[in-house]
Structure formats: C-alpha cells, structure tokens
Amino acid sequence: MIPLKPLLVCLALFGLGLVATAALQSSTKDVSVPEKLGPLTIERAGASSLEVPRDETLVYAVTVDLGLFAPTAGTVSMSARVEPWQPSLLFGGMIGGAAGGAVDAAVAPNGASAEAASAETGVYTIHAKGKYSWYSLDATIETRILPQEWPRISYLYTHKGSEQRRRETLLGLRSEVSRASYRGDTKKNAPRGQRVWRERVYREVPGETVDMLSAVYLSRRMIESGGKEMTFPLIDKLRLWKMRLERGEEARVTVAAGSFDCVRLELSPTPWPGENDDLDGQAAENFEGLFGLAGSIVLYVEKLTGVPVKIQGDLPMGPFTFEISVDLKSHAGTPSAFAAVAR
C-alpha cells in the first residue's frame, strides 16, 4: 500500500495555480448591464507583474501510477478571488482569512496605500483533502497579496487532518530592506491539546522573491505573454531557490474535464547562489518543496491562458519511485479563451 501522507502533504505545498477571469462591477447609479472586470494586476518593481483572478475554481484528481493500475489518492481544489483591502483584519485581528492565523504585534502596517478605501487584496487558495487507511489530510494554503510594503505577501499553511500544524511566511519591505519572516507552530510548552507559534525568524531576500503559489501565477503570465523562459527566486520556509521555467512543445492533452491544446512547461529548481546547506537541515541539492517530486516537474498548460491541465513528476518513496499525475476534473470562472476542443 502506498502511504497517502507524503503525497498529499507535498501536493498542498505547491498547488497548480489559477487564471485570469472576470467579475461583475456593480453601481448604485447605473442600472445598465454591469461592466466585467479583469484580473487584479499587481506591479512589482524590476520584476514581472502578478495577476489575481477575481473568481475562479479548479478541481483536480491526483493519481499514482503503480504499473498495473493508477489509484486515486485525493483531490486538490484551487481558487482565487479579489476582495477589498481590510487592514483591520490584518493588524487588529487575523491574517490568512479562512485559513486563520493571528499576526503578532511585530507585524505592523508599513507603507500602506493612501487610497485604502479603494485598494484591493488578491487571494490565492489551495485545499487538499483525502484519506488513506488511518491517515487523513485536510490542508489549506492561502496567499494574500496586500497593497502595502510590509507584509506585501502573506503565505499561510494550515493542516487540520491527522496532523495539526501551521506555517507562515511574510515577504515585503521592512525598514526599507526586502525581507522574509518565517514561523511555525509547536506543541512544546503549549497547553495540553494545543499548539503555539514559535518565535518569528527574519532574513534578507531579493526584492522579487515570491512564495510557491505566486510562482505559479508568474508561470501563467509567461505563457499568456508568449515568453520562452523565466527565472526568479522562490522561498520555502527560510530557504531560497532559483526557479527556472522553460516553455516546450505543444500537445493535445485529454483529462476528465475534456481535451485541451496545451504547452509543455518544465519547472527546474536549483539552490539560490550562496545558500547555506545547513540553513534548515536540508541539503541544498535536494529540493522537496514542489509536490515532493524529485528533480524537474512537467506541467501541461492550456496554450492561450496558461491554465494547468495536467502535472506529471516522479515521487520517491523509499527504494521505489512512482509517477504522479494531477489531472483537471472541472473548472468554473475560467476566461472565455480557456475551452476544450473536440476529441
């Protein structure tokens, strides 16, 4: 039997990403048909911009190739939304929305937009759920991109299944320096049956550094713009990686959601120059952040919109290596250009 735990937990760490879509713009004075809004575009100094879809949901089935058959290991649901910026929720209460997670007093507004009343927050969410034997997974990752300098990006991972844990990464300008902070929780010195946050740790990072979910949106921007390759720094906990995206050949891909004309996209992580192998006890050459897969990961994304249709890679489990396939089952709120073709 193949344990579900390492597969689904790692799947939840990266996700598959979301595309630009539209929502209706209401007006109290205009009774005509509302104008459709495009995605929220977030400019980044010296780097490619990010786009946040306003309302989209993608659902995937995860299977493991065991040779004679490929059992379904679970499902992953991805969504994105744009909502009004509410600083009171961030600094007087919670950061992370539905996923939860209190922000401590050390995190205070810095460089917030003067037009806060009209500012918007982009939110990416991935939810992985499954059960195998005694082990259950109910994990959520939420990335919030905020209209301010610190934190500019909030990344929160919450697990509520057989294991209980939280991890949080913040990115942005702090005291005019580009920094990241990281903290996880622990049951040490916590009340019985509870977990408490460890102390937050900081480090300097390149200004264009992104988290894992935001990285997927950058890859989709590359496809939409017709780019051939892209390289950028990616952070996992406090370790930096150099993520390289390379566009490949086109192919017709058939999944439960239909047949799509796709582009092959390869994601290749390598250690960021100068990273210390002992930073977190993980050897720099052993990247385990994306799906828990060894080496490069291959995505087949719809050639016009960049919507991920299929993801493939090899997952080491002890002395064996298994091929994972993550296939699109259904979609809602995708742009009109994303459409299945006749089989």
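Here are legends for a few close-up views of this structure, which is a predicted model.

**View 1. Y124 and Y217 make a stacked aromatic pair.**
The structure holds three aromatic pairs, and this view zooms in on the one between Y124 and Y217. Their ring centres sit 3.4 Å apart, with 10 degrees between the planes. Y124 belongs to strand β7 (residues 120-132) and Y217 to helix α3 (residues 212-225), so this pair ties together parts that are 93 residues apart in sequence.

**View 2. Are Y124 and Y217 buried or exposed?**
Buried counts as under 20% relative accessible area. Y124 comes in at 1%, so Y124 is buried. Y217 has a relative accessible area of 3%, so Y217 is buried too.

**View 3. F260 and F338 form a stacked aromatic pair.**
Here the rings are 4.8 Å apart, centre to centre, and the angle between their planes is 10 degrees. Which parts of the chain does the pair tie together? F260 is in strand β16 (residues 258-271), while F338 is in the segment after β19 (320-332), so the pair links parts that lie 78 residues apart in sequence.

**View 4. R183 puts its charged end over a ring.**
Now for a charge and a ring: look for the side chain of R183 and the ring of W197. The charged end of R183 sits over that ring, 4.0 Å from the ring's centre.

Note on methods:
Residues are numbered from 1 along each chain as its sequence is written. This is a predicted model: local features need pLDDT of at least 70, side-chain atom pairs count only at pLDDT 80 or more; totals for chains, interfaces and linings use all residues. Side-chain values use heavy atoms; hydrogens and water are left out. Rings of Phe, Tyr and Trp (its six-membered ring) pair if their centres lie within 6.5 Å; planes under 30 degrees apart count as stacked, over 60 as edge-to-face and the rest as tilted. Helices (H or I, at least four residues) and strands (E, at least two) are DSSP runs, numbered from the N terminus. Buried means under 20% relative accessible area, exposed over 50%, partly exposed in between (1.4 Å probe, protein chains only). A charge sits over a ring if NZ of Lys or CZ of Arg is within 6 Å of the ring centre and within 35 degrees of the ring normal.
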